[in-house]
Amino acid sequence: MPYLPIKGGCLCGALRYEATAEPIHTGLCYCADCRKASGSAFIPFMGFRAADLVITGETLQSHAPSFSGGTATRNHCARCGSLIFGGIHGETDEHTIYAGSLDDPSRFIPKIALFVRDRPAWAEIKTGLTEYQTMPDA
């Protein structure tokens with residue numbers, strides 16, 4: 001049974017979030033942008049409606065072109081640099097929380113794998129995930 005809130009934050013504790021509802025989607029993204037931003041084979045992510053998140057602390061934003069042709073905004077802790085969430089706080093309707101920032105990592109249960117076409121051969125995909133070559137409906 002789910003339990004709320006879902007909490008997390010950066011390495012130093014200066015940037016925090018609390019979700020008051022369950023995520024609307026969860027998964028692993030293997031796109032080149034996420035791999036480069038994380039320094040890993042993929043980014044584990046949880047999507048939340050902005051209205052269901054309380055975010056506190058100062059952020060430092062980075063911007064890069066996105067698959068859809070727009071701009072991907074990633075938010076890092078302004079103090080320690082930890083990568084915490086995507087989207088523009090106060091402007092976007094949804095935010096992507098990077099699951100590595102969860103206080104309780106057991107709260108993350110991936111359901112999809114995105115950009116499997118870009119997955120490095122050495123990075124395995126967890127059995128049972130719905131796989132998409134790029135983004136769903138792209």
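In what sense do strand 3 and strand 10 pair, and over how many bridges? In this predicted model, strand 3 and strand 10 (residues 112–114) pair in the parallel sense over three bridges. Strands, here and below, are DSSP runs of E of at least two residues, and helices are DSSP runs of H or I of at least four residues, both numbered from the N terminus. Two strands are said to pair if DSSP finds at least two bridges between them.

The model is predicted, and local features need pLDDT of at least 70, side-chain atom pairs count only at pLDDT 80 or more, and totals for chains, interfaces and linings use all residues. Residues are numbered from 1 along each chain as its sequence is written, and side-chain values use heavy atoms, with hydrogens and water left out.

Eight strands form an open sheet of mixed pairing, in the order 6-7-8-9-4-3-10-11. Strand 6 (59–65) and strand 11 are the edge strands, each pairing on one side only. Within this sheet, strand 3 (residues 25–29) pairs with strand 4 (residues 43–49) in the antiparallel sense over five bridges. Along this pairing, G27 stands opposite F45, and C29 stands opposite I43. C29 also has a bridge partner in strand 10, namely L114. Strand 3 is mostly covered, with four of its five residues buried; buried means under 20% relative accessible area, exposed over 50%, and partly exposed in between, for a 1.4 Å probe and protein chains only.

Strand 4 also pairs with strand 9, in the antiparallel sense and over five bridges. In strand 9, I97 is the bridge partner of M46, and T96 is that of G47. Because five of its seven residues are buried, strand 4 is largely enclosed by the rest of the structure. Strand 8 and strand 9 pair in the antiparallel sense over two bridges, and F85 stands opposite I97.

The largest nonpolar core contains 23 residues, and those with the most contacts inside it are L15, M46, F48 and L102. A nonpolar core is a set of buried Ala, Val, Leu, Ile, Met, Phe, Trp, Tyr and Cys residues joined through side-chain atoms within 4.5 Å. Two or more residues of this core come from each of strand 2 (16–19), strand 4, strand 5 (53–56) and strand 8 (83–86). A second, separate core of ten residues includes C29, C31, F45 and I112.

Beyond its neighbours within four places in sequence, L102 is in contact (heavy atoms within 4.5 Å) with I6, K7, G8, Y17, M46, R107 and F108. D103 lies in the loop between strand 9 and strand 10. The C-alpha atoms of D103 and K7 are 5.8 Å apart in space, although the two residues are 96 residues apart in sequence. D103 counts as partly exposed because its relative accessibility is 45%.

The largest pocket has a volume of about 840 Å³. Pockets were identified on a 1 Å grid over the protein atoms alone: a cavity is a set of points where a 1.4 Å probe fits but cannot get out, whereas a pocket is an open set with protein on both sides within 12 Å along at least five of seven lines, and lining residues have an atom within 4 Å of a point. Grid points are joined across faces, edges and corners, and a volume is the space filled by probe spheres set on the points. Of the 31 residues that line the largest pocket, C34, S66, A72, T96 and M135 are the closest to its centre. Strand 3, helix 1 (32–38), strand 4, strand 7 (71–77), strand 9 (94–98) and strand 10 each give two or more residues to the lining. The lining divides into 15 nonpolar, eleven polar and five charged residues, where Ala, Val, Leu, Ile, Met, Phe, Trp, Tyr, Cys and Pro count as nonpolar, Asp, Glu, Lys and Arg as charged, and the others, Gly among them, as polar.

Two backbone features were also noted. A cis peptide bond, with omega of about 0 degrees, joins L4 and P5, and P5 lies in the segment before strand 1 (6–9). F115, in the loop between strand 10 and strand 11 (130–131), has a phi near 55 degrees, a positive value in a residue other than glycine. F115 is buried, with a relative accessible area of 4%.
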